[in-house]
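I opened this notebook to record what I looked up, one entry at a time.

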Amino acid sequence: MAEIRVDPERCTGCGLCVQACPYGVIELVEGLPRIGEGCTLCRSCIEACPENALSLVEARREVDLSAYRGVLVYAEYRRGRVHPVSYELLGKGRELAEELGEPLYAVIIGDGCRRWAEELIYRGAERVYVYDDPWLDPFRVDPYTAILVELVEELKPNIFLFGATSIGRSLAPRVAARLKVGLTADCTGLDIDPETRLLRQTRPAFGGNVMATIISPYTRPQMATVRYKVMPEAERDTSRRGEIIERRIDPSSLPDRVRVLEFQPVEEEVSLVEADVIVSGGMGLGGPEGFKLLEELAKLLGGAVGASRPTVDEGWIDYSHQVGLSGRTVRPKVYIACGISGAVQHLAGMRGSEVIIAINTDPKAPIFDFATLGVVADLYEVVPRLIEKLKERRGR
Amino acid sequence: MERGLNIIVCIKQVPETVEVEIDPETGRLMREKYPGILNPFDEHAVEEALRLRERYGGYVRVLTMGPPMAEKALRDAIAMGCDEAWLATDRAFAGADTLATSYTLSLCIRKMEPYDLIICGLKTTDGDTGQVGPELAEHLGIPHICYVSQILEVSEGRIRVRRRLDDGVETLEAPLPALITVTKEINQPRLPTLKGKLRAKRAEIKTLTASDLGGEPSLYGLEGSPTRVIRVFHPEPPRGGEIIEGEPDELAERILRKLEEVGVI
Ligand SMILES: Cc1cc2nc3c(=O)[nH]c(=O)nc-3n(C[C@H](O)[C@H](O)[C@H](O)COP(=O)(O)OP(=O)(O)OC[C@H]3O[C@@H](n4cnc5c(N)ncnc54)[C@H](O)[C@@H]3O)c2cc1C
Ligand SMILES: Nc1ncnc2c1ncn2[C@@H]1O[C@H](COP(=O)(O)O)[C@@H](O)[C@H]1O
């Protein structure tokens, strides 16, 4: 069993670990910390110890994982199209595969998906596994899990990536639990440790206040879901060639317990995540009417309207507009933040924007630390003038 | 439903704030102290279970795996109206990632059989993965549906629900027993009543330890967790640009020029 161990040679009995324990289960006994019942191995005490006297010890495991090779990408196919996060995964997957000197594979499942196989090759896949059958429409987690688990057992990939979409986040944990392997949710960074050759998976943790890097040293494949719009898409190169492997399925042998009775698509006017320009509003708007002004500006710029979380919580605007850790991640050419303070959780969703323009009355607002152009002013004075100017310009 | 619904709600105690600071001098993590609260998403899970009980009759049990102090979250759920509380606690469970957590919970649930429905929150505010629900369903061999925003009906051993996906709203039907994870849209959680609070104070908490569960010891806690956190750090240093002040008209002009420069107008 794993435990926190105290090195009595190093410990000076300073008691910082006692203070650091969020559960209050450490006490000093004869000058040395004693870790009591209720320890969750959260490592706060290890982090707090200035003498490096505390360490987490666990049984060593020896496992042979050498049979696993290659990076496999789940290309999410739905309603006749491939979700663009799949191209982002192929872009990153190519990098990882080259670093490891291993192949890049893709798998695609669904009715009519065969005609996308070449596209996946143009985007960098060397081999594409295709499961095209009318029975596989629409997506159901049971048969898709069974197909993917069987493929992994046969192909033995080293790394297996999913988009952190609503489908990916339902499917990947089911696959990971059946394979009994680790899965890191909602990654924003992936790279290979040059020494251990392990996949380093980085994601926001503790509500986005900090980032955590996670590895899966003992199991294969190393699995992750990856946030949409944080990594650049793979370049399309139509001269690329690859292998397409078409697989038949036998519906009678696949589990299928949950029935889809109905589906109502929602089409957004200008999809937030795809817009080149986003005009976003925060609590500084002071009320729901403020969004009317931002809508006008967004329309003139051919863009979409974004929002901070508290404006959504207040009911000023629908959740689908929320940008940030618990909303969407966006990477527009221009992000105009109006009356947004720039909390880490908001930044987590828009930091990747090419240009950030912030309008805020408070010169100390954290958003200014990240803005390409920071405008210290009342948004109600600046935005209407900007709208006038844009209209004038258009009239010319 | 003749005998009503037998529901288990999985809940977690999470830190009240998720403010985590890194000491600028030492680069060490400074975490807020507990007292923990009931994970906000799980309040919706508890609420939905209570509503189902009001609609169909039945029994609602809450379950958590955590340190002994997680008992408080269980009592909060009892105060809202749950019938019975179960706490899985043991040093061996410490340091669990989602795979080890869901494995441990699955063994607890086998001890709690029979059941019709398991409800989980969409995700926790600390772990923030949303993986425990679907992984738990897999360990139990039952179907799962994530992102449920409305329960339409439970009848004849089946549950019919609506859920919100990125591209639309789906209506689904699953045979029971099943596991669902619920979003905040599904309901408005009730506040505990005074009577509920009194009941919570006195309620007996059923405790399960590793030896009660009898599972494979190497699959619990840190040992049973395939993932390891190797580094925690601050997101990214600021990369601020130009800050301007002045007359609104001049400021609007500067924004316009910036937009031209980038080529979006
Ligand atoms: C787990 C977790 C997840 C979260 N997820 C998200 C998320 O996804 N997205 C998100 O946005 N937040 C999220 N938050 C909330 C986040 O911490 C902040 O509370 C939130 O982003 C603040 O929103 P705001 O900037 O609109 O409001 P405030 O912080 O209140 O800022 C309002 C700003 O407007 C300025 N202002 C006021 N009047 C004017 C005016 N007339 N003209 C110009 N400026 C003006 C003020 O100076 C101030 O800076 C999350 C929090 C947690 C704990
Ligand atoms: N330790 C735990 N004990 C009981 N239920 C849990 C635990 N951890 C997570 N859950 C459940 O799983 C959901 C998702 O948690 P997570 O995967 O950590 O985001 C939560 O909303 C709870 O319903």
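**Entry 1. A cut-off before starting.** I take a polar contact to be a pair of N or O atoms within 3.5 Å. I also note that this is a predicted model.

**Entry 2. Ligand 1, polar contacts.** With that cut-off in hand I looked at Met283(A), where a polar backbone atom is 2.8 Å from an oxygen atom of ligand 1. That pair is a polar contact because 2.8 Å is within 3.5 Å. I then went to Gln345(A), and there an N or O atom of the side chain is 2.7 Å from an oxygen atom of the ligand. At Leu379(A) I found a polar backbone atom 2.9 Å from a nitrogen atom of ligand 1. I looked up the cover next: on its own ligand 1 has 990 Å² of accessible area, and the protein covers 76% of that.

**Entry 3. Ligand 1, surroundings.** Where does ligand 1 lie? I found it between chains A and B. I listed 27 residues around ligand 1, and the closest are Ser308(A), Ser326(A), Ser341(A), Gln345(A) and His346(A). I sorted the shell by class and got 10 nonpolar, 14 polar and three charged residues.

**Entry 4. Ligand 2, polar contacts.** I turned to the other ligand. Which residues come nearest to ligand 2? Of the 19 around it, they are Cys10(B), Asp42(B), Met65(B), Thr129(B) and Gly130(B). For Asp42(B) I noted a polar side-chain atom 2.5 Å from an oxygen atom of the ligand. Thr129(B) also uses a polar side-chain atom, at 2.6 Å from an oxygen atom of ligand 2. Gly130(B) instead brings a backbone N or O atom, which lies 2.7 Å from an oxygen atom of the ligand. The protein covers 97% of the 480 Å² of accessible area that ligand 2 has on its own.

**Entry 5. Ligand 2, shell.** I asked which elements of chain B each supply at least two residues of this shell. They are β6 (58–65), α3 and β8. β6(B) gives the most, with three residues. By class I recorded seven nonpolar, eight polar and four charged residues around ligand 2.

**Entry 6. Cis peptide bonds.** In chain A, the peptide bond from Arg220(A) to Pro221(A) is cis, with omega near -5 degrees. I placed Pro221(A) in the loop between β14 (210–215) and β15 (222–226) of chain A. In chain B, a cis peptide bond joins Glu113(B) and Pro114(B), with omega about 0 degrees.

**Entry 7. Positive phi.** Asn52(A) is not a glycine, yet I read a positive phi of about 50 degrees there. Asn52(A) lies in the loop between α2 (44–48) and β4 (54–57) of chain A. Glu156(B) is not a glycine either, and has a positive phi of about 45 degrees. I found Glu156(B) in the loop between β9 (144–155) and β10 (158–165) of chain B. Is Glu156(B) buried or exposed? It counts as exposed, because its relative accessibility is 77% and exposed means over 50%.

**Entry 8. The strands on either side of Glu156(B).** β9(B) and β10(B) pair in the antiparallel sense over six bridges, and Ile151(B) has Val161(B) as its bridge partner in β10(B). Their hairpin has two residues between the strands, and Glu156(B) takes its positive phi in that hairpin.

**Entry 9. β10(B) and onward.** I looked at the two faces of β10(B). The covered face has Ile159(B), Val161(B), Arg163(B) and Leu165(B). On the uncovered face I listed Arg158(B), Arg160(B), Arg162(B) and Arg164(B). β10(B) also pairs in the antiparallel sense with β11 (residues 168–175) of chain B, over eight bridges. The bridge partner of Leu165(B) in β11(B) is Gly168(B). A hairpin through two residues joins β10(B) to β11(B).

Note on methods: Residues are numbered from 1 along each chain as its sequence is written. Chains are lettered from A and ligands numbered from 1 in the order in which they are written. This is a predicted model: local features need pLDDT of at least 70, side-chain atom pairs count only at pLDDT 80 or more; totals for chains, interfaces and linings use all residues. Side-chain values use heavy atoms; hydrogens and water are left out. A residue is near a molecule or strand if one of its heavy atoms lies within 4 Å of it. A polar contact is a pair of N or O atoms within 3.5 Å; within protein, one must be able to donate a hydrogen and the other to accept it, and residues adjacent in sequence count only if both atoms are side-chain atoms. Accessible areas come from the Shrake-Rupley method with a 1.4 Å probe; for residues, only the protein chains shown count as cover. Ala, Val, Leu, Ile, Met, Phe, Trp, Tyr, Cys and Pro count as nonpolar, Asp, Glu, Lys and Arg as charged, and the others, Gly among them, as polar. Helices (H or I, at least four residues) and strands (E, at least two) are DSSP runs, numbered from the N terminus. Buried means under 20% relative accessible area, exposed over 50%, partly exposed in between (1.4 Å probe, protein chains only). Two strands pair if DSSP finds at least two bridges between them.
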